Amino acid sequence: MSAQVWPPISHERLIKEEEDSLAAELEWLLEALQEALPSLKSGLEECLALLTPQEPGTTLALSTHRSETIKGFVTRVGTRIVKGLSALLTFLNQALDIIDISTWTGDPKNGSFISGQLRLLGDIINEAKAIMKGGEEVVGGKWWEDDFNGDETDLNLPPFPTLSPHITLTPSSLLLTIRTLVPSPSASAPSTNGTSTPSSTSGPSLTGLSLRTRLTQILAPIPVPTHDEADRTFLYRGAEVKVRDKVRVEAQDPSLMAVGAKLSAVGREVEGWRGRMAIVMGEEM
């Protein structure tokens, strides 16, 4: 089934009428978008306010459920505590700049310009949402590179890497992961028979206490790590290490939950406007 124009008109005039109709629709769409931009800006500003440092901050419980493995709390003041939050703050500021440019600096009636700004705004919001999800690929996600140091925490960690606390983001909470580390077997120099070279040429003591200790070490089963990093080797503070134990605990953060919800809503709205602009202008998303 097809539609026809009556009375019939020439093909050239039909093309001209279609172009005029699309131009009028694009003009209306650009005007409607200008009315919607303040709402998008307001949503981003609310996200920014939730991440702005305000004393005394937000105190969150960090304790494992039904066990005494980890018990404590953490205080988040704005973007301090998690490095990824600083990157999130940067993306939010960039998104606000794009809205201001689209409203005041650029040509709000130029379809190509506004379409490009919407595409850039959508990409930045997606980057911000990716940081909220966490993972190794985002800023601060690689614990072996972005570990605690003296400028960021009051923890007195030993000089040799035996304990590694790391805090990162999940969509609605802070995630604390504590790892106990051991030297990687590959860091020891192998001898000709495949065993590690001893540090001393003197033989082991055969006193009763020493003998019982060695028998216990030989006969006792060696615990096999069951976490997802058991087979990986990391370069941590200049030493090759493996993760022996790994404990994770989450702290629900109401502010992060609100930021995630508002950011998702703004992202959906931007994607909707991008889709409308693409249809009218004949572009691909």
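Modeller: What follows is a discussion of a predicted model.

Biologist: How many salt bridges does the structure hold?

Modeller: There are eight salt bridges in the structure. One of them brings together the side chains of Asp20 and Lys16, with 2.8 Å from N to O.

Biologist: How many residues apart are Asp20 and Lys16 in helix 1?

Modeller: They are four residues apart in helix 1, which covers residues 11-51, so about one helical turn separates them.

Biologist: What does Lys262 form a salt bridge with?

Modeller: Its partner is Glu46, and the closest N and O atoms are 2.7 Å apart. This pair links distant parts of the chain, with Lys262 in helix 5 (residues 254-281) and Glu46 in helix 1, 216 residues apart. Lys262 is partly exposed, with a relative accessible area of 28%, and Glu46 is also partly exposed, at 36%.

Biologist: And Glu229, which side chain does that one meet?

Modeller: Glu229 meets the side chain of Lys246 in a salt bridge of 3.6 Å, N to O. Glu229 lies in the loop between helix 4 (208-219) and strand 5 (234-236), whereas Lys246 belongs to strand 6 (residues 239-252), 17 residues apart.

Biologist: Why do Glu229 and Lys246 count as buried?

Modeller: The cut-off for buried is under 20% relative accessible area. Glu229 has 3% relative accessibility, so it counts as buried. Lys246 has 18%, so it counts as buried too. Salt bridges with shared partners join Arg179, Glu229 and Lys246 into one network.

Biologist: Changing topic: in what order do the strands of the sheet come?

Modeller: Four strands form an open sheet in the order 3-4-6-5, with antiparallel pairing. Strand 3 and strand 5 are the edge strands, each pairing on one side only. On average, neighbouring strands of this sheet are turned by 45° against each other, direction ignored.

Biologist: Why is strand 3 described as largely enclosed?

Modeller: Seven of the eight residues of strand 3 (residues 163-170) are buried, so the rest of the structure largely encloses this strand.

Biologist: How is strand 3 joined to strand 4?

Modeller: A hairpin connects them through two residues. The two strands pair in the antiparallel sense over eight bridges, strand 4 being residues 173-183. Thr170 stands opposite Ser173 in strand 4.

Biologist: What about strand 4 and strand 6: how many bridges join them?

Modeller: There are 11 bridges between them, and the two strands run antiparallel. Among the partners, Val182 has Lys242 in strand 6 as its bridge partner.

Biologist: Now the rings. How many aromatic pairs are there in the whole structure?

Modeller: The search finds four aromatic pairs. One of them is Trp143 with Trp144, an edge-to-face pair at 5.8 Å centre to centre and 90° between the planes. Trp143 is buried at 1% relative accessibility, and Trp144 is buried at 16%.

Biologist: What pair does Trp144 form with Phe234?

Modeller: That pair is tilted, with 5.0 Å centre to centre and 40° between the planes. Trp144 lies in the loop between helix 3 (111-133) and strand 3, and Phe234 in strand 5, 90 residues apart. Phe234 is buried, at 4% relative accessibility.

Biologist: Which residues form the aromatic cluster?

Modeller: Trp143, Trp144, Phe234 and Tyr236 form one cluster.

Biologist: Last one: where does the charged end of Arg276 sit?

Modeller: The charged end of Arg276 sits over the ring of Trp273, 4.7 Å from the ring centre.

Definitions and conventions. Residues are numbered from 1 along each chain as its sequence is written. This is a predicted model: local features need pLDDT of at least 70, side-chain atom pairs count only at pLDDT 80 or more; totals for chains, interfaces and linings use all residues. Side-chain values use heavy atoms; hydrogens and water are left out. A salt bridge is a side-chain nitrogen of Lys or Arg within 4 Å of a carboxyl oxygen of Asp or Glu. Buried means under 20% relative accessible area, exposed over 50%, partly exposed in between (1.4 Å probe, protein chains only). Two strands pair if DSSP finds at least two bridges between them. Axes are lines fitted to C-alpha atoms, for helices over the stretch in contact, and angles run from 0 to 180 degrees between N-to-C directions. Rings of Phe, Tyr and Trp (its six-membered ring) pair if their centres lie within 6.5 Å; planes under 30 degrees apart count as stacked, over 60 as edge-to-face and the rest as tilted. A charge sits over a ring if NZ of Lys or CZ of Arg is within 6 Å of the ring centre and within 35 degrees of the ring normal.
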